[in-house]
Amino acid sequence: MPEQGLRSKVLGIGEATVFQFAKHGAASLAISDINLSSLEKVGQRLRDEHPQVEVEVLYIDTSNEQSIIDAHEATIQRFGRIDYAVNNAGVAGPFLPSMDTSREQFMFGIDINMVGVWLCQREQIKHMLKQEGLTPGHVIISAASLVRLACRGTIVNMSSIYGHKCARSNITYGTAKHAVLGITRNDAVSYGKEGIRINAVCPG
């Protein structure tokens, strides 16, 4: 069974990531973004430079739960499974201190940078739990046993250096990126024994 990947947001870091997937042997890639015109250009470049890779281009709005559900369902319908997922969608700012930030501004950033990541991760976990592992995975050691699990899937969430540190006038973005690490760690603990690996990276 070929390994499949789902991408959320394919610009900048996301674009570089999908080309690395293709370079290193991904058989199929579902790439998604809210900007379909830019996404189609990335998809065509992938097809031109890596004709061996099946590419599915999908619209996704990570502030909309149904859009997230639909994108993942479309990936499953096309490829049958999701082996790797990278959740990269996000918006910068507003770079304001709390006293100058409205509730609407704060919630807009939280919805996309935090809730959107969690919703994508939730859908990926849901589908990964239904699929069999493909390769020998990580080892879980307990007092009673040593168990080697087949990896059902791998999820990588894009946090930021501001998930670890704080900066002035960065309440919305910094809060969301700290939360991405919490989302990642909690579900990594919850689903590691099910053969699902979840990690985050923090560029910056």
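Biologist: At what angle do α3 and α4 pack?
Modeller: In this predicted model, helix α3 (residues 65-79) and helix α4 (residues 103-128) pack at an angle of about 35°, and their axes are 10 Å apart. Helices here are DSSP runs of H or I with at least four residues, strands are E runs of at least two, and both are numbered from the N terminus. Axes are lines fitted to C-alpha atoms, for helices over the stretch in contact, and angles run from 0 to 180 degrees between N-to-C directions.

Biologist: Is that crossing left-handed or right-handed?
Modeller: The crossing of α3 and α4 is right-handed. Right-handed means that the near helix is turned clockwise from the far one by less than a right angle, left-handed anticlockwise.

Biologist: Which residues make the contact?
Modeller: From α3 they are E65, I68, I69, H72, E73 and I76, and from α4 they are G116, L119, C120, R122, E123, Q124, K126 and H127. Contact means heavy atoms within 4.5 Å.

Biologist: What about α1 and α2, how do their axes cross?
Modeller: The axes of α1 (residues 13-23) and α2 (residues 36-49) come within 11 Å and cross at roughly 25°. That makes α1 roughly parallel to α2, since angles under 35 degrees count as roughly parallel, over 145 as roughly antiparallel, 65 to 115 as roughly perpendicular and the rest as oblique.

Biologist: And which residues meet there?
Modeller: E15, V18, F19 and A22 of α1 meet V42, R45, L46 and E49 of α2.

Biologist: Which residues of α1 are buried?
Modeller: G14, T17, V18, F19 and A22 are the buried ones. Buried means under 20% relative accessible area, exposed over 50%, and partly exposed in between, with a 1.4 Å probe and protein chains only.

Biologist: Which residues make up the largest nonpolar core?
Modeller: That core has 12 residues: V18, F19, A22, A26, L29, I31, L39, V42, L46, V53, V55 and V57. Such a core is a set of buried Ala, Val, Leu, Ile, Met, Phe, Trp, Tyr and Cys residues joined through side-chain atoms within 4.5 Å. The elements giving two or more residues to this core are α1, β2 (28-33), α2 and β3 (54-59).

Biologist: What does A22 touch?
Modeller: Leaving aside neighbours within four places in sequence, A22 is in contact with L29, L46, H50, Q52 and V53.

Biologist: How are residues numbered, and what is left out?
Modeller: Numbering starts from 1 along each chain as its sequence is written, and side-chain values use heavy atoms, without hydrogens or water. Local features need pLDDT of at least 70, side-chain atom pairs count only at pLDDT 80 or more, and totals for chains, interfaces and linings use all residues.
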